[in-house]
Amino acid sequence: MRQSSPKHFNMASSDMETCKSEDMHMHMQMQVDIEKNPQEQQDVRSQWVLNAPEPPSPCRVVADSFRKSFSHFQHKFSSLTNQPCTRLLLSLLQVIFPIFSWGRNYTATKFRKDLLAGLTIASLCIPQSIGYATLAHLDPQYGLYTSVVPPIIYAVMGTSREIAIGPVAVVSLLLSSMVQKLIDPAADPVGYTKLILLTTLLAGIFQASFGLFRLGFLVDFLSHAAIVGFVAGAAIVIGLQQLKGLLGTTHFTTKTDIVSVMKAVWEAVHNPWNPRNFILGCSFLVFILTTRFLGKRKKKLFWLASISPLISVILSTLIVFLTRADKNGIKIVKYVKGGLNPSSIHQLDFNSPYIGEVAKIALVVAVVALTESIAVGRSFASIKGYQLDGNKEMLSIGFTNIIGSFTSCYVATGSFSRSVVNYAAGCETLVSNIVMAITVLISLQFMTKLLYYTPTAILASVILSALPGLIDVTEAYKIWKVDKIDFLVCVGAFFGVLFASVEIGLLVAVVISFSKIILISIRPGTETLGKLPGTDLFCDVYQYPMAVQIPGVMIIRIKSALLCFANANFARERIIKWVTDEESKDDEGNPKSNIKLVVLDTSNLVNIDTSGIASLEELHKSLSARGKQLAIANPRWQVIHKLKVSNFVSKIEGRVFLTVQEAVACRTRC
């Protein structure tokens, strides 16, 4: 084969450049001609809409999603494999355990701040943990166990810098109210504890799975309004149950609804009871609330509010010990088992006859715990100006509870009250959680005997003092002002928890939320558009009264993202009714308007199904029978593709336009 000479090559290159320049010149000439002719401009842009490439099929979308995820991990893996072994090991550790990333820049200054914050939240954590354990119908040491291992695991794996991990009131109530229906904690405390530990393990598995498979949207099923109402209702129920400790009664209802609790309180008051418990508990409750008030008024005194529960425990224990008040009717905690967290692997019974019910409880608890923890973490992340990875948070909380279930811990999550104290104390990193855990561990090892004379009324006071922060009246009022249906969700969760049960309250909130979504779907919003004077913008004539409607044209925007079997007929009937009303006769018997063209602005419409297309066809037939024409403006990719495949575009004679302005200009040809 003969090789081309440089001369031939240069000639060929010259010819190609000449052809390119001629094509470019012709293209530019055509563009100039089009710009001179607005009609051709409009036709060309309509062809842009009609000749768009075919959108990817659902199978291709799923395949592309998997391919992107796989290529993302493959890219990460390939970038790691090219590194030395030590660097590779460090990179893997940094991905799994973020502490290896931020720990490299840790300084003595940060440690001093974390040490102070850790000691501060430990002083709040110790009495709260004991109180929350009793709320969960567990022995007091389980609350302390839950404040040792989970904070350390989270400190190694978590991404939030300010969050304080441990037992919380709402989760403790949720566990006790649901698990006690399977086994009575008073009749079989060992069996009840086993179910709590099994629930913790399964909840951790669910939470880790949510993060691993990126199922964070499941947490969003509990809306903000639902959480506000649920937490407020739970706080009132928790507060009423603490009257058992304040009154010093032995027998009290295990039900959580307000009617049963108030009945139990009424019976307790009318039976012999010792007022010393009530006086002691209320006295220290006033002390704790006073320090909280001072801490809010003067920010420098935040530490006083933080340590006041621990001071209350110490002082009340000394009072009971020195006066032997336990001999005169003061109820005390008595024995608290000390020492390191014992292994609880042997207590995890997967052959339990209640395994199915426990799995359901674990799923509910997992979602509620994650919702609270992520909400707390995101609020502080936004204040500090860093991004919180929701999936990593789910993984870290999940592994925290999985490992916690092996070490005698029950479900732990981010505590709002302790996180606020941690932030106010000036924490810099998660080392404050480690300091807190070590402090609680030292208390478990050496100080549990000192808790023998701690009055139960003080533990009730500590829990009651934490409840006002859970009832957010201001946020409930804000929800009422913004969205009435969301307020209905909030109220439904609130009264569901108060008058039925915790799980019923959650169920009511979720049902109302889904009903709201369905209602919006089956009754899509439609609005009549007019042109704003001096602009090319078309807006809702009710929102913008100055917008001018075009004579002979009715422009309607469908506000729903999906036109489907659930809402297509409703949208069609609404449009026909508007056209009919517009053409109805006035008082003098003359038509108000003579509509020649109906333009559907589909810019909000993301997708359409066969029922939606059939509805548009019926709309077209109805308008044609009245001598009117239908045009489509600004359709999305999936919408125009389906309209073309179904031959709807040809039925409306290709009246598909890029903008509403161009569709309106079409009226001169209608």
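Colleague: Among contacts with a separation of 6 or more, what share comes from residues 24 or more positions apart?
Modeller: This is a predicted model. Take the contacts in the protein with a separation of 6 or more. Residues 24 or more positions apart account for 79%.

Colleague: How many helices and strands are in the protein?
Modeller: Both kinds of element are present. The counts are 28 helices and 10 strands.

Colleague: What percentage of the residues is buried?
Modeller: The protein has 670 residues. Buried means under 20% relative accessible area. By that cut-off, the buried share is 47%.

Colleague: Which helix gives the most to the nonpolar patch on the surface?
Modeller: The patch consists of Phe-217, Phe-221, Ile-485, Phe-514, Ile-517, Ile-518, Leu-519 and Ile-522. Together they have about 700 Å² of accessible area. Ile-517 lies in helix H23. Residues 502-522 make up that helix, and five patch residues come from it, the most from any element: helix H23.

Colleague: Where is Arg-324 of the positive surface patch, and is Arg-324 buried, exposed or partly exposed?
Modeller: Arg-324 forms the patch with Lys-327, Lys-331 and Lys-334. Arg-324 sits in the loop between helix H15 (302-323) and helix H16 (355-384). Buried is under 20% and exposed is over 50%. Arg-324 has a relative accessible area of 39%, so it falls in between: partly exposed.

Conventions: Residues are numbered from 1 along each chain as its sequence is written. This is a predicted model: local features need pLDDT of at least 70, side-chain atom pairs count only at pLDDT 80 or more; totals for chains, interfaces and linings use all residues. Side-chain values use heavy atoms; hydrogens and water are left out. Patches are made of residues with over 30% relative accessible area and no salt bridge: like charges are joined within 9 Å, nonpolar side chains (Val, Leu, Ile, Met, Phe, Trp, Tyr) within 5 Å. Accessible areas come from the Shrake-Rupley method with a 1.4 Å probe; for residues, only the protein chains shown count as cover. A salt bridge is a side-chain nitrogen of Lys or Arg within 4 Å of a carboxyl oxygen of Asp or Glu. Lys and Arg count as positive and Asp and Glu as negative; His and the chain ends are not counted. The place of a charge is taken as NZ of Lys, CZ of Arg, CG of Asp or CD of Glu. Helices (H or I, at least four residues) and strands (E, at least two) are DSSP runs, numbered from the N terminus. Buried means under 20% relative accessible area, exposed over 50%, partly exposed in between (1.4 Å probe, protein chains only). Contact means heavy atoms within 4.5 Å.
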